[in-house]
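Here are my notes on this model, jotted down as I went through it. Have the viewer open while you read.

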Amino acid sequence: MPYSSHSTSHVQNKVSQIFSIISAYRYRSATIPDRFSEFTPDLKKQLSEAVSCGETVRFILPAFPFKFTAKGDGRKTLGSLPDKAEAFALQTLDGFADSIAETYAGGATVVIVSNVFRENPKIPDADVFAYHQELKSLALSLGLTHLEFVRLGTLVGSDLEEYFDNASKTCNLLDGPLAQAVDLEGNESHATLMPHINDTEAFKPSIFRERKSIIRLSIHESNNVGKITLDLFPPSTNPGFLTPWHCAVAVLADASVRIIDISTVDIAKFEVITNHMGRPWLLREKSDLFDWGLMELDFEPLFPCGMLVRARAGCGPYKFEDVNMNRVRQLALSTAPLLLRGFTMKVEKEVFRNKARELGNIQMWPFGDILEVRENADLSVMNVLTREAMPFHYDGCFKTVKDETTGGWIPTPPLFQMFRNHAASQSKGGLTIFASSRNLIPLLGPDTVPIEELRRLKWKTFTTDKEAFGSTQLLRPFIIPHPETGVDIFRFHEPWPESKCAPGSGVSVHVLVQPPAKGNAISESLTRLMYDRRVAYRHHWKEGDFIFNDNAMTHHTRTAFENGHREHWRVHVN
Ligand SMILES: [Fe+2]
């Protein structure tokens, strides 16, 4: 619906929210000073023009030309076709646009301009063509809805023969204004990748005719004036600021994910893992973590955190009873959440309980060990057993013991949550979102709170008395060592006023800093970070899913759901 009927303040509010998302996603170069503030007035003006008319906010990104060298010593990539690196990059871009669409009804679209025909004679035209076709198929298979692709093929045909016949002629017909629209400064190292094309309105897609309202994105380091530089991967995985056509996704021996240029690693330490079509997909460092005995498994990194374990195509199904829980424990500590899909299990609590015992020590609650997570008005565990949305939290935040040294109360949260899904039939919502400290901590900085400042701060929280927890005022640090591995983890609870939930489920949270407005700003910015698409994995449950989640490394929440039945068994393990 157009926003023209809305007040100026409504438009300004939406512009401000969208601007915050763009600002948070911009990449700050280590060598080029950031001057984004100089671009702010123009950017807000562009956003206001779109929002006041209720139009989609449109971005344009010249990127994804083709896959670079896949052979010989200089090999950077796994092959000439898109792989897991492109999948992650497309998910990053779609997540960026989707987070705008979540706050603004007009939505957002990223238009990817990928076109290098005749510019790189070493790359066969057929490879370039196939790369772009597969890129679009990949976006479709991933269910990404905020991306559009523009290339010569869009203008001159959809099959290879037609492309060859017409692309050369069209290259000479398409116009310079496109190059200006996408290369405002003309000084990028990859400027030659842009189309060199002459004038004809007839061949211009609408995206180029509307270029005044398009916000320019870039994959090159910049000062963020006139265009905004984006990292195409979650920053925690991409210390080298690589682009997917120059690299591969690698799962390292400790199960962490890194974006790497293959020419920089000892390839003998890695296995090339293929996807279900037999195409090179990612690299995996050789490690016992991935040896699960006779089970032939895929270990697929989830976006932007966590890992999916399932039987390789043509293998399985395997019984959950046969899973080595030591491996599960090791892997769950290395990558959270750990999702096992397609494993069978007798629907018996005793089987579930026995496997939990193999994982560690079960934590008991007044209701017992296994909680049936479904609508249930008889148990008082806040809004866990309702259909309403929940705040980001970690389990056991309010389960406390008295610290004999200080006399204060300290939480004793369980280390793992172990879930088995029994029903995921809700038509909409009911997602569980897991936000990992591994992804969040690298995003702390001048736009949020620098980690060193956060180390000095504390937050105060309270919830009313429940059957098993609550009623004590808690004072907690933001950054603490992981109880098992010792690495920094982030701890917080999303503020949840009673106005958002059923009576008694509210949680008050205050950051202890003066003035209070600063505390509120920090609280809001940390909450936004937990929901950031580069931090949080959004899980759509499938019946039979098992999830093993490191409750210390992550926060989690559930989105509201309306219809259908949603049920898991959950047990806490230390
Ligand atoms: Fe929870």
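1. Let me start with H9, which lies across S11, S12, strand S16 (416-424) and S24. The helix runs at about 55° to S24. Then there is helix H10 (residues 349-359), which also packs on the sheet and touches S16 and strand S26 (566-573). The direction of H10 makes about 35° with that of S26. Keep in mind that this is a predicted model throughout.

2. Now the sheet itself. Which strands make it up, and in what order? Seven strands form an open sheet, and reading across you get S10-S11-S12-S24-S16-S26-S13, with mixed pairing. Strand S10 (297-301) and strand S13 (371-373) are the edges, each pairing on one side only. On average, neighbouring strands here are turned by 20° against each other, ignoring direction.

3. Within that sheet, have a look at the S12 and S24 pair. S12 pairs with strand S24 (residues 546-550) in the antiparallel sense, over three bridges.

4. As a reminder, most peptide bonds are trans. The bond from Gly316 to Pro317 is cis, with omega near 0°, and Pro317 sits in the loop between strand S11 (307-311) and helix H9 (325-334). The bond from Ala336 to Pro337 is cis too, again with omega near 0°. Pro337 belongs to the loop between H9 and strand S12 (338-340).

5. Next, backbone angles. Most residues other than glycine have a negative phi. Phe64 is not a glycine, yet its phi is positive, at about 55°. You will find Phe64 in the loop between strand S1 (57-62) and helix H3 (84-103). Is Phe64 buried or exposed? Phe64 counts as buried because it has 26 C-beta neighbours inside 10 Å, where the cut-off for buried is 20 or more.

6. Asn224 has a positive phi of about 65° without being a glycine, and it lies in the loop between strand S4 (214-218) and strand S5 (228-229). With 25 other C-beta atoms within 10 Å, Asn224 is buried.

7. On to a helix pair. How do helix H1 (residues 8-25) and H3 sit against each other? Their axes come within 9 Å and cross at roughly 160°, so H1 is roughly antiparallel to H3. The crossing of H1 past H3 is right-handed. On the H1 side the contacts involve Gln17, Ile18, Ile21 and Tyr25, which meet Phe96, Ser99, Ile100 and Thr103 in H3.

8. Some whole-chain numbers for context. The protein chain has 13 helices and 26 strands. Of its 574 residues, 39% count as buried. Among contacts between residues at least 6 apart in sequence, 72% join residues at least 24 apart.

9. Last, confidence. The mean pLDDT of the protein chain is 86, with 84% of residues at 70 or more. Where does pLDDT stay under 50? That stretch is residues 168-207, for which the model still has 67 contacts beyond four places in sequence.

Technical notes: Residues numbered from 1 in each chain as written. Predicted model: local features only at pLDDT ≥ 70, side-chain atom pairs only at ≥ 80, totals over all residues. Helix = DSSP H or I, 4+ residues; strand = E, 2+ residues; numbered from the N terminus. Buried ≥ 20, exposed ≤ 12 C-beta atoms within 10 Å, placed from the backbone. Contact = placed C-beta atoms within 7 Å. Pairing = 2+ DSSP bridges. Axes fitted to C-alpha atoms, helices over the stretch in contact; angles between N-to-C directions. pLDDT = per-residue confidence, 0-100. Parallel < 35°, antiparallel > 145°, perpendicular 65-115°, else oblique. Left-handed = near helix turned anticlockwise from the far one by under 90°.
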